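Here is a short tour for anyone who likes to read a fold strand by strand. Keep the viewer open and follow along.

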Amino acid sequence: MGFSLKADPSGLTLFPPFSETLLHCGLTLDRENVTTLQVNIGLKCNQICTHCHLAAGPHRQEMMDRDTMGDVVQAATRIPFQSIDITGGAPELHPDLPFFLEALSGLSSRIILRSNLSAQLNCTESLLDTLIRYRVVITSSFPSLNAGQTEAMRGKGAFQNSIEMLKILNEKGYGKEDGGLELNLVVNPAGAFLPSSPQGEISTRFHRILQQKWGVTFNGLYSFANVPLGRYREWLIASGNIESYMSKLVSSFNPCAVEGLMCRSLISVSWDGYLFDCDFNQAAGLYLNQSKIHISEVRQPPGPGTPIAVGDHCYTCTAGSGFS
């Protein structure tokens with residue numbers, strides 16, 4: 001479903017607020033049963049990616065302390081989350097990641113670590129052993145099969161480092177069919193574009209080319225548009241692409257995508273322990289239930305029907321096939 005965008009007298013495009021678009025379509029964005037706990041353990045990263053909505057980088061010092069990690073573990077003890085999704089920054093750069101993984105082991109059937117691969121390449125062998133021991137699912141950012149595009153987004157050497165780390169993970173048993181060690185890739189377009197093909201087509205192409213050129217295998221692939229927040233929004237403004245990119249997102253709004261949005265079954269914890277509806281709302285400063293609630297205060301998750309905070313960045317998650 002597309003929208004006809006209008007221009008104001010100055011010639012600028014007028015975008016309907018996301019909340020109004022939901023109303024126009026007779027939709028609400030409410031929570032269902034919470035099954036996933038997403039935890040951002042810090043904004044420190046070895047890269048300064050142009051598409052990072054959290055503006056993570058080597059200069060960021062925000063890191064989750066052990067007390068807050070303990071609060072997260074206690075919450076996961078009280079609430080039976082099906083998945084615990086650990087992200088950053090580059091979570092591998094947090095010195096307490098092995099402690100955190102061990103403390104969470106057994107509290108959820110699925111623990112996910114989000115990696116940019118190059119950070120993992122520089123980590124100790126013991127961390128990789130820990131990931132294997134607890135059968136942690138690795139979900140890795142791998143934006144392009146083109147080295148030039150990847151390095152334009154993530155810096156010099158990022159592509160080759162990623163390929164090298166994928167090979168190491170394959171050698172350890174990750175990404176093998178029926179191997180029990182799951183390796184997934186996340187693909188983001190380079191520049192001010194939406195994904196050019198359906199996710200299934202992109203997955204088929206990545207499987208074929210990674211196997212043919214580098215002998216690399218993986219399990220699944222997710223293709224997402226970039227969210228106009230943080231450093232990516234700054235880049236869109238500086239490059240003069242913010243208006244055209246927002247036009248693409250709004251015009252591509254798909255009401256059918258709302259039902260499957262990840263935020264409907266997820267709560268997100270920031271590095272300092274506060275709750276949000278999703279990682280993108282963290283970047284936008286939109287707290288869960290419009291109040292600053294710490295994970296240590298949570299005895300049960302928000303119930304079904306609880307409204308989810310929205311902003312215009314939500315158009316990203318509902319463009320085309322959306323984030324599901």
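Strand β3 is covered on both of its faces: T36, Q38 and N40 are buried on one side, and L37 and V39 are buried on the other. In a regular strand, side chains alternate between the two faces of the sheet. With 5 of the 5 residues of β3 buried, the strand is largely enclosed by the rest of the structure. Please bear in mind throughout that this is a predicted model.

Stepping back to the whole sheet, 8 strands form an open arrangement with mixed pairing, in the order β8-β7-β6-β5-β4-β3-β9-β10. Its edges are β8 (220–223) and β10 (275–276); each has a single partner strand, so one side of each is left without a neighbour in the sheet.

Now to a pair of helices. Helix α6 covers residues 147–154 and helix α7 covers residues 158–171; they pack at an angle of about 105°, with their axes 8 Å apart. The two helices are therefore roughly perpendicular to each other. On the α6 side, A147, T150, E151 and R154 take part, and they meet A158, F159 and S162 of α7. Sorted by class, this contact holds 3 nonpolar, 2 polar and 2 charged residues.

The loops deserve a look too. Most residues other than glycine have a negative phi, yet L117 has a positive phi of about 70° and is not a glycine. Residue L117 sits in the loop between β5 and α4 (118–121). R135 also has a positive phi, about 50°, without being a glycine; this residue lies in the loop between α5 (125–133) and β6 (137–141).

| Residue | Relative accessible area | Class |
|---|---|---|
| L117 | 0% | buried |
| R135 | 49% | partly exposed |
| P17 | 32% | partly exposed |
| C52 | 18% | buried |
| C314 | 10% | buried |

P17 belongs to the loop between β2 (13–14) and α1 (18–24).

Finally, the cysteines. How many disulfides does the model contain? The count is 0 disulfides. For C52, the closest cysteine sulfur belongs to C49 and is 6.6 Å away, too far for a bond. C314 is likewise in no disulfide, as the nearest cysteine sulfur, that of C317, is 6.2 Å away. At 18% relative accessibility C52 counts as buried, and C314, at 10%, counts as buried too.

Conventions. Residues are numbered from 1 along each chain as its sequence is written. This is a predicted model: local features need pLDDT of at least 70, side-chain atom pairs count only at pLDDT 80 or more; totals for chains, interfaces and linings use all residues. Side-chain values use heavy atoms; hydrogens and water are left out. Two strands pair if DSSP finds at least two bridges between them. Helices (H or I, at least four residues) and strands (E, at least two) are DSSP runs, numbered from the N terminus. Axes are lines fitted to C-alpha atoms, for helices over the stretch in contact, and angles run from 0 to 180 degrees between N-to-C directions. Angles under 35 degrees count as roughly parallel, over 145 as roughly antiparallel, 65 to 115 as roughly perpendicular and the rest as oblique. Contact means heavy atoms within 4.5 Å. Ala, Val, Leu, Ile, Met, Phe, Trp, Tyr, Cys and Pro count as nonpolar, Asp, Glu, Lys and Arg as charged, and the others, Gly among them, as polar. A disulfide is a pair of cysteine sulfur atoms within 2.5 Å. Buried means under 20% relative accessible area, exposed over 50%, partly exposed in between (1.4 Å probe, protein chains only).
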